[in-house]
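Here are my notes from a look through the model you sent.

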Amino acid sequence: MTKFERLCLENISPYSVLIAVVLTALLFLVRPAAVIVSDDMFTAIYGVKREHYKRIEMSSRIFRRIKIVNVAIDAEAEAVAFAVEDAVKKPAFVVFPKRYMQAAQRYAKDCPKIKIFLLTESNNEPQSMEGIQILSTGTELDYYRAGLCAAVLTKLPLETEEGTKITDYNKSILLITENESDLIKGIFNTGVRKYSSDAGIEHFEKNSTDFSKIFKCVVILGYETNFLNSNKNLSTKVVAKTWLDPLYAPPNAVVIIDDSPLAILPQITKYRFRKISPAPLKANSTFIIRFDRTETFTALLALRTAVGKKL
């Protein structure tokens, strides 16, 4: 035992520790709660237990309570705004998904002093809204890191059914995304090239992509992961952007990109005291690595390094 530890034991009584714990707990309870507007469909997709534990984790990280206000997915804007007002009178801030954009506008009108965030997946729409901070979760960094992960996964052994032939070695990565901009594709390609100089990259085209090919890695950004169910000849290595509980993700999904409100809440908290910016602010997704599907420790380490990279 060090001298410092002996001094602490001699001079700090158990009552002091108890008082400190009680005061910390009281401070936590009196701080305004963060509010997230959600619905039962999100909970079903995200997973009840996962949502519960994620809320506890994020609550400890931002050191304030998190209140999730569940409303009907087709609820009227006025009803959603009223539900938020009724749930917490003076929240620290409120997070609305894009599908409740009109509700966010109504709430901003009724509660102009509350900081409001609206989550979108791209910078295309909307650009700005009075009294509301737009937060874009479809960031360039996500595409870059996805490219890095894809390059790592192409180096792992390709599992195919017995008798299946690999007909095209040059097109080993398939990128499926709703964002067709050359900038986004270029950023993804940059990520791939950072780790691999010989991996081929093919961009998804709805009517001409040949799914008879065997791709070493498929990256799905902005599409539903159930797209894989009808395309069994894709790869056993998948990087997917989805809110789906990893336990129920496709068995070949190695990396899952989570941009849900709960996952990016610490970043939102940092923006709380900023003045509303006319341009959307950025919020980077959380990358979940399925370590049980990486096959080797070297691959796991490479993926962990990739998801921590900066542009």
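1. A working definition before anything else: contact here means heavy atoms within 4.5 Å. By that cut-off, and leaving aside neighbours within four places in sequence, A151 is in contact with I173, V192, Y195 and S196. Bear in mind throughout that this is a predicted model.

2. Now the overall picture. The chain has 10 helices along with 12 strands. Of its 311 residues, 49% are buried. The accessible surface comes to about 16,900 Å², and carbon and sulfur atoms account for 55% of that. If you take the contacts between residues at least 6 apart in sequence, 66% of them join residues at least 24 apart.

3. Back to A151, which sits in helix α7. Is A151 buried or exposed? Its relative accessible area is 0%, and buried means under 20%, so A151 counts as buried.

4. Helix α7 (residues 140-154) and helix α8 (residues 182-195) meet at an angle of about 35°, and their axes are 7 Å apart. The crossing of α7 past α8 is right-handed. On the α7 side the residues involved include Y143, Y144, L148 and A151, while those on the α8 side include I187, F188, V192 and Y195. Sorted by class, this contact has 12 nonpolar, 3 polar and 2 charged residues. Among the residues taking part are E140 in α7 and K194 in α8.

5. Next, have a look at I36 in strand β1 (residues 34-38). With a relative accessible area of 3%, I36 is buried. What does I36 touch, not counting residues up to four places away in sequence? The list is I66, K67, I68, V69, V95, P261, L262 and L265. One of these, L262, is 226 residues from I36 in sequence, yet 8.1 Å from it in space, C-alpha to C-alpha.

6. I288 is also in a strand, in this case β12. I288 counts as partly exposed, at 23% relative accessibility. Beyond its neighbours within four places, I288 is in contact with R50, P246, V254, V255, I256 and D258. P246 lies 42 residues from I288 along the chain, and the distance between their C-alpha atoms is 8.3 Å.

7. Past that strand comes T294, in the loop between β12 (286-289) and α10 (297-306). Where does the side chain of T294 reach? It goes to the backbone oxygen of F291, at 2.8 Å. Setting aside neighbours within four places in sequence, T294 is in contact with L156, V254, I289, A299, L300 and L303. V254 turns up for I288 as well, among the contacts of that residue.

8. Most residues other than glycine have a negative phi. F63, however, has a positive phi of about 50° although it is not a glycine. Which loop holds F63? The one between α4 (48-62) and β2 (66-70). F63 is partly exposed, with a relative accessible area of 28%.

Terms used: Residues numbered from 1 in each chain as written. Predicted model: local features only at pLDDT ≥ 70, side-chain atom pairs only at ≥ 80, totals over all residues. Heavy atoms only, no water. Helix = DSSP H or I, 4+ residues; strand = E, 2+ residues; numbered from the N terminus. Polar contact = N/O pair within 3.5 Å; in protein donor to acceptor, adjacent residues only side chain to side chain. Buried < 20%, exposed > 50% of the residue type's maximum accessible area, 1.4 Å probe, protein only. Areas by Shrake-Rupley, 256 points an atom, 1.4 Å probe, with all protein chains shown as cover. Axes fitted to C-alpha atoms, helices over the stretch in contact; angles between N-to-C directions. Left-handed = near helix turned anticlockwise from the far one by under 90°. Nonpolar A, V, L, I, M, F, W, Y, C, P; charged D, E, K, R; others polar.
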